[in-house]
Amino acid sequence: MLLHIVAFGKIGRSPEAELVERYLKRVTWPTKMTELPERGGTVPTLQPNSVSILLDERGQSLSSIALAKKLERWRDDGKREARFLIGAADGHSDEERAGADLLLSFGAATWPHLLARTMLAEQLFRATSILANHPYHREG
């Protein structure tokens, strides 16, 4: 299953970009990053048999293990892509939220988009590590 991050705004050359790249390189599953301009830009069409996850402050706050279990279930159900969308500065529309398979939150705090990408990349690495029984994740 492809793990695809679609993010509004350009990350450019920055420490955050280096961290995102570092974590995504460590993920053993296929990954893809698509950047769109802050204003405008078209989100690529979601392929059939895929899931859409919006990062949203009103979403569910999942533990790393719970996120890993969702990815595992989607993978085992034959989903082709898990698409994670990080919205522009104004977030997602009500229509986008309603069409998502999951609204995911990294807590009640508001995070800058560059840090949200970094945290998402790390959580995807952590989740796939959990599923591979890799010792990266320590529970407790």
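The lining of the second largest pocket divides into 6 nonpolar, 3 polar and 2 charged residues. Here Ala, Val, Leu, Ile, Met, Phe, Trp, Tyr, Cys and Pro count as nonpolar, Asp, Glu, Lys and Arg as charged, and the others, Gly among them, as polar. The model is predicted: local features need pLDDT of at least 70, side-chain atom pairs count only at pLDDT 80 or more, and totals for chains, interfaces and linings use all residues. Residues are numbered from 1 along each chain as its sequence is written, and side-chain values use heavy atoms, with hydrogens and water left out.

Stay with that second largest pocket. It holds about 170 Å³ of space. Its lining includes Val43, Pro44, Arg83, His92 and Glu96. Strand S3, strand S4 (81-86) and helix H3 (94-99) each give two or more residues to this lining. Elements are DSSP runs numbered from the N terminus: helices are H or I with at least four residues, strands E with at least two. A pocket is an open set of points on a 1 Å grid over the protein atoms alone, where a 1.4 Å probe fits, with protein on both sides within 12 Å along at least five of seven lines; lining residues have an atom within 4 Å of a point. A volume is the space filled by probe spheres set on the points, which are joined across faces, edges and corners.

Now the largest pocket. About 400 Å³ of space lies there. Of its 21 lining residues, Leu55, Asp56, Glu57, Trp111 and His113 are the closest to the centre. Two or more residues come from each of S3 (51-61), S5 (102-105) and helix H4 (113-131). S3 gives the most, with 4 residues. By class, the lining has 9 nonpolar, 7 polar and 5 charged residues.

Next, the sheet. Five strands form an open sheet in the order S2-S1-S4-S3-S5, with parallel pairing. Two strands pair if DSSP finds at least two bridges between them. S2 (31-36) and S5 stand at the edges with a single partner strand each, so one side of each has no neighbour in the sheet. S3 and S5 pair over 5 bridges. Ser61 stands opposite Ser105 in S5.

Finally, two backbone exceptions. Most residues other than glycine have a negative phi. Asn49 has a positive phi of about 60 degrees. It lies in the loop between S2 and S3. Asn49 is partly exposed, at 38% relative accessibility. Asn133 also has a positive phi of about 60 degrees, and is found in the segment after H4. Asn133 is exposed, because its relative accessible area is 70%. The cut-offs are under 20% for buried and over 50% for exposed, with partly exposed in between (1.4 Å probe, protein chains only).
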